[in-house]
Amino acid sequence: MNDGKRDLSTSQTSAVGKMPPNGNPLVSHKFGADPYALVYHDRVYIYNTNDVFEYDEDGNVKENTYGNINKLSVISTGDLMNWTDHGVINVAGPQGAATWATQSWAPAAAHKVINGKDKFFLYFANNASHIGVLTSDSPIGPWEDPIKRPLISRATPGVAGVTWLFDPAVFIDDNGRAYIYFGGGIPDGQYEMPNTARVMELGEDMISVVGEAVPIPAPFMFEDAGINKYNGKYYFSYCSNFYSGQRPEGSPEAGVIAYMISDHPMGSWTYQDTILKNPAYFFNVGGNNHHAMFSFKDKWYIAYHAQTLAKALGEPKGYRSTHLNRVFFNEDGTIQEVQADMKGAAMIKNFNPYAVVQAETFAWSAGIEVTPVGTKNDGTVNLAVTNIENGNWTAAAAVDFGDGASEFSAVVSSERHGGTIELHLDRQDGAVIGILNVPATGGRWLTASTNVSGAAGVHDLYFVYKGEPNQPLFRIDSWQFSR
C-alpha cells in the first residue's frame, strides 16, 4: 500500500495478519473497512473504505481520523479464500468521479438490469453530510457520477433529525422496487432511541429517490445500516451505540451488530437480538463495528471489520481489515449469534490453475504490494504484484492440478534486476515443482515459461521470490499452468 510514508509490505518472509491456513482477514497486504458485499456471476465482490496509515509530523502512525479517505477499494473471489485485488476506486476530490465530494466512506453496491443491460451502482458517504452514487457497466468500474451531486442531502425529505447522513445499504426486492437505508448518530443524548435510522425508496433508475425517508425505530442505534431478505421477511441490522449507562433488559449491548424484522421493506420493525459482538470480544482489539450479510451458493455469510492486521503490525489505531464468517438461521427465522474467528469461512471450491490467473489473486502473502501498471482496454486499471524483494511470497489455496501440469508461465517485467520464482507445494518451504527464471527486461513485459514436475492433485501453491537481497526484483502481471 503506497501512502507515502510506510507500507504494509516488509522484506520478511513471514506472513503478517493473515496466517495460513486462516481465511481472516481477507487480505493482509492492505487494509479495508466498512465492507459491503455484491454477488454477481458466481463471484463475491467486497467493497471497502480504503483505510491507509496517517502520520504525525515525526513520521509516527497516528490514530485514524478518516478525514483523508477519498477512495474505496474492491476485492473479489469465487471460492472465499483466494481474493483478487481490483485496486482502488477514485471516488471523491478533484481527481475523483464525484468532484463535489471530499470523502468516501462505507460503500454499498447493487446490480440491476436496466433496458436489457447490466448496470452497477456504488453508493457512498461523503463524511456524514451526504450520500452519493456512482454507476458502471461492470462491478469493478470504471465508475462515473451520473447526477453530479448528492443523491441524499440535508434537503432530502424525511432526513431531519438524522445526525450522521452516512452508511448506506441498498436492497432490490423481488418485484424490482429498490430501497436505500442509512443514517446514524445520537441527538441530544437520546441513547436508548436515537431515531436516526432511515429507509427511503429509490427510483427505477437507482440514481433518484422517491417520496420521503421513513424512520426506523432501532434501539440504541449508532451507525451501519444493513438490509437482507430471508424467507419473505426483511432484516434490518445495525451497530449499537456505546452508551455506558443502564440498558433495559432485551436491549443490545454496546458496539454490537443487532437486528430487527419486518414484513415490509419500509417497516414496521420488531427488535430481535444481537448477531455479532464487538471485535474486542473475539480479537482483543476493539473499535467500531460494521457489517454486511449476504447469501452465496445457498449459504449465508457476514463480512465485518476488525483491527487484527493493524494489531499484528503493532499499530491498533483505528485501521480496519475485512473478515468473513458464516451466518446460520434458526427454524423460526431468528439468527444465531456469529462466532467470529481468524479461521474464517470455509473455501467452497478448488482453484483452477489452467486459466489465466491475475497475479494479484492469492490467499496469503508476505512482503509484496499490488500497484497499478497500466490501463486495460475497458478503462479499468491493470494491477500487478510489485515491489517484490528476495524472500517475499504469495500463495494460492487448494490449487487443483488434476492429473498433472507440465509447464508454468508468467507475464513478468523487471528493470535492472531479475530473479526467480520458486513453485512450492503446501508450504513456503514445501516440495519444489519448478523454478521460473525472470530475466532483466528493461521494464518491458514478457512471458517467461518453465517445465514443472510433481504438480498433481490438490495443493496450496506458494510462489517464493528470490534474487539479489535488498533490491526490487520484478513484477508479475499474470500466471498460468499448462498440461
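Visitor: Which strand gives the largest share of the lining of the second largest pocket?

Guide: That is β12, with 6 residues. Bear in mind that this is a predicted model. β1 (33–40), β5 (105–114), β8 (169–172) and β16 are also among the strands that each supply at least two lining residues.

Visitor: What makes a residue part of the lining?

Guide: A lining residue has an atom within 4 Å of a pocket point. For the second largest pocket 28 residues qualify, with Ala-37, Leu-38, Val-170, Phe-171 and Ile-172 the closest to its centre. The lining divides into 18 nonpolar, 7 polar and 3 charged residues, around a space of about 640 Å³.

Visitor: How do you know that the largest pocket involves both domains?

Guide: Its lining draws at least three residues from each of domain 1 (33–336) and domain 2 (357–482). The pocket has a volume of about 870 Å³, and β4 (83–90) and β23 (381–386) are among the elements giving two or more residues to the lining. By class, the lining has 14 nonpolar, 17 polar and 6 charged residues.

Visitor: Back to β16: why are β16 and β17 said to pair?

Guide: Pairing needs at least two bridges. β16 and β17 (residues 299–306) have 6, in the antiparallel sense, so the pair meets the cut-off. His-291 stands opposite Tyr-304 in β17.

Visitor: And why is one side of β16 left without a neighbour in the sheet?

Guide: The sheet is open, in the order β16-β17-β18. β16 (291–296) and β18 (321–327) stand at the edges with a single partner strand each, so one side of each has no neighbour there. From one strand to the next, the twist averages 25°.

Technical notes
Residues numbered from 1 in each chain as written. Predicted model: local features only at pLDDT ≥ 70, side-chain atom pairs only at ≥ 80, totals over all residues. Heavy atoms only, no water. Helix = DSSP H or I, 4+ residues; strand = E, 2+ residues; numbered from the N terminus. Axes fitted to C-alpha atoms, helices over the stretch in contact; angles between N-to-C directions. 1 Å grid on protein atoms, 1.4 Å probe; cavity = no way out; pocket = protein on both sides within 12 Å on 5 of 7 lines; lining within 4 Å. Points joined across faces, edges and corners; volume = space filled by probe spheres on them. Nonpolar A, V, L, I, M, F, W, Y, C, P; charged D, E, K, R; others polar. Domains from an automatic or database assignment.
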